[in-house]
Each structure stands twice: as structure tokens, then as C-alpha cells.
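Let us work through this model in short questions and answers.

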Amino acid sequence: MKKIYIPIMAIAGISALYEQSKAKPNVYIMVGAIIIFMYGMMRLTAKVPSKNQENSEENDS
């Protein structure tokens, strides 16, 4: 699944930047691209363990 989210996020980011560079950008395209990008970031970072998780396990024992 990680391999799917990275290209989708790249396309969403590039399209948002391209739309922003226009003289009259379409707000709906920019908002949609940002939502897709943030959702992808949320899904990718959900798999990364917290830095404090290791410390809290040591303190509980």
C-alpha cells in the first residue's frame, strides 16, 4: 500500500503547486489536492512507531 500512496501524494502535490501558479487558480482543485496529500501523509505516518513508545515501555516495567 505504501507504494500506492507515494505517487498519489506526489501527483496531488504537483497539481496543487501548478494550480497555485496560475493567474486565477481554481480553489476546489487546490483544496482537493491538499486533502488527498494530507490523507496520504496520515496513512503513511500511521505505520511509523512513536519515539516515546520505547521509553514508555521501559518506564512501565
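Q: Is Glu-19 buried, partly exposed or exposed, and what is its relative accessible area?
A: This is a predicted model, where local features need pLDDT of at least 70, side-chain atom pairs count only at pLDDT 80 or more, and totals for chains, interfaces and linings use all residues. Residues are numbered from 1 along each chain as its sequence is written, and side-chain values use heavy atoms, with hydrogens and water left out. Buried means under 20% relative accessible area, exposed over 50%, and partly exposed in between, with a 1.4 Å probe and protein chains only. Glu-19 is buried, with a value of 6%.

Q: Which residues does Glu-19 touch, not counting residues up to four places away in sequence?
A: Glu-19 has its place in helix 1. Contact means heavy atoms within 4.5 Å. By that rule Glu-19 touches Pro-25, Asn-26, Ile-29 and Met-30.

Q: Where is Asn-26 found?
A: Asn-26 counts as partly exposed, at 32% relative accessibility. Its C-alpha atom is separated by 9.6 Å from that of Ala-16, ten residues apart along the chain. Asn-26 sits in the loop between helix 1 and helix 2.

Q: With which residue does Lys-22 form a salt bridge?
A: Side chains of opposite charge can pair when their charged atoms come close. A salt bridge is a side-chain nitrogen of Lys or Arg within 4 Å of a carboxyl oxygen of Asp or Glu. The count by this rule is one salt bridge. Lys-22 is partly exposed at 36%, and with its closest N and O atoms 3.5 Å apart, its partner is Glu-19.

Q: What pattern does the protein follow along the sequence?
A: Helices (H or I, at least four residues) and strands (E, at least two) are DSSP runs, numbered from the N terminus. The protein has three helices and zero strands. Read along the sequence, the pattern is α-α-α.

Q: Which residues line the largest pocket?
A: A pocket is an open set of points on a 1 Å grid over the protein atoms alone, where a 1.4 Å probe fits, with protein on both sides within 12 Å along at least five of seven lines; lining residues have an atom within 4 Å of a point. Helix 1 (2-21) and helix 2 (27-45) each supply at least two lining residues of the largest pocket. The lining is Met-1, Lys-2, Tyr-5, Arg-43, Leu-44, Ala-46 and Lys-47.
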